[in-house]
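Here are some notes to read alongside the model, in the order in which I would go through it myself. Keep the structure open as you read.

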Amino acid sequence: MAEDYAKLMAQLKSGELDEFTVEPADFMAFQTAYMQFESRKRVVGKAEKNGKIIYHYDHDQTQ
C-alpha cells in the first residue's frame, strides 16, 4: 500500500511527526504530493545511503 505523503507532510507541519523516510522506489509518488503541498518549501529532505531521503519540517523558516 502506498504512503499518503500529503497526510505525512501535514503531520510534519502540525508537529505530530518529527520526520519520515521516502524510499527510492516511492520517490515519484512523494514528488507528486510534494508539488501540491502548500508549504513545501519548509519540507526539507536529507539524503541518506542507498537513496533514502529523510524529510522534516522546518518550523524556523521566516518565509
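Which residues does Gln11 touch, not counting residues up to four places away in sequence? The first point takes this up, after a word on the model.

This is a predicted model, in which local features need pLDDT of at least 70 and side-chain atom pairs count only at pLDDT 80 or more, while totals for chains, interfaces and linings use all residues. Residues are numbered from 1 along each chain as its sequence is written, and side-chain values use heavy atoms, with hydrogens and water left out.

1. **Gln11.** Leaving out residues up to four places away in sequence, Gln11 touches Glu16 and Leu17, where contact means heavy atoms within 4.5 Å. Gln11 belongs to helix 1, residues 5–14. Its relative accessibility is 15%, so Gln11 counts as buried. The classes are buried for under 20% relative accessible area, exposed for over 50% and partly exposed in between, with a 1.4 Å probe and protein chains only.

2. **Overall layout.** The protein has two helices and three strands, and from the N terminus on they run α-β-α-β-β. Helices (H or I, at least four residues) and strands (E, at least two) are DSSP runs, numbered from the N terminus. Along the principal axes, the C-alpha atoms fill a box of roughly 30 × 25 × 20 Å. The radius of gyration is 11 Å, which agrees with the value near 11 Å for a compact globule of 63 residues; the radius is taken over C-alpha atoms, and the globule rule is 2.2 Å times the number of residues to the power 0.38.

3. **Burial and contacts in total.** Of the 63 residues, 27% are buried. Among contacts between residues at least 6 apart in sequence, 49% join residues at least 24 apart.

4. **Helix 1.** Tyr5, Leu8, Met9, Gln11 and Leu12 are the buried residues of helix 1. Seen down the helix axis, they fall within an arc of 155°, so they line one face of helix 1; the arc is that of the directions from the helix axis to the C-beta atoms. Their cover includes strand 1, helix 2, strand 2 (43–47) and strand 3. Ser14, also in helix 1, is exposed, with a relative accessible area of 54%. After helix 1 comes Gly15, with a positive phi near 90°.

5. **Helix 2.** The buried residues to look for here are Phe30, Ala33 and Tyr34. They cover an arc of only 105° around the axis, which puts them on the same side of helix 2. An α-helix has 3.6 residues a turn, so residues three or four places apart point the same way. Met28 and Gln36, on the other side of helix 2, are exposed. Helix 1, strand 1, strand 2 and strand 3 are included in what covers the buried residues of helix 2.

6. **The core.** In the largest nonpolar core there are 14 residues, and Tyr5, Met9, Phe20, Phe30, Val43 and Tyr55 have the most contacts inside it. Such a core is a set of buried Ala, Val, Leu, Ile, Met, Phe, Trp, Tyr and Cys residues joined through side-chain atoms within 4.5 Å. Helix 1, strand 1 (20–22), helix 2 (27–36) and strand 3 (53–57) each supply at least two residues of this core, and helix 1 gives the most, with four residues.

7. **Strand pairing.** Strand 2 and strand 3 run antiparallel and are joined by five bridges; two strands pair if DSSP finds at least two bridges between them. Val44 stands opposite His56, and Lys46 has Ile54 as its bridge partner. Strand 1 also pairs with strand 3 in the antiparallel sense, over three bridges, with Val22 opposite Ile53. In strand 3, Ile53, Tyr55 and Tyr57 form the covered face, whereas Ile54 and His56 form the uncovered one.

8. **The turn at Asn50.** Strand 2 and strand 3 form a hairpin with five residues between them. Asn50 lies in this loop and has a positive phi of about 65° although it is not a glycine. Most residues other than glycine have a negative phi. Asn50 is exposed, with a relative accessible area of 72%.
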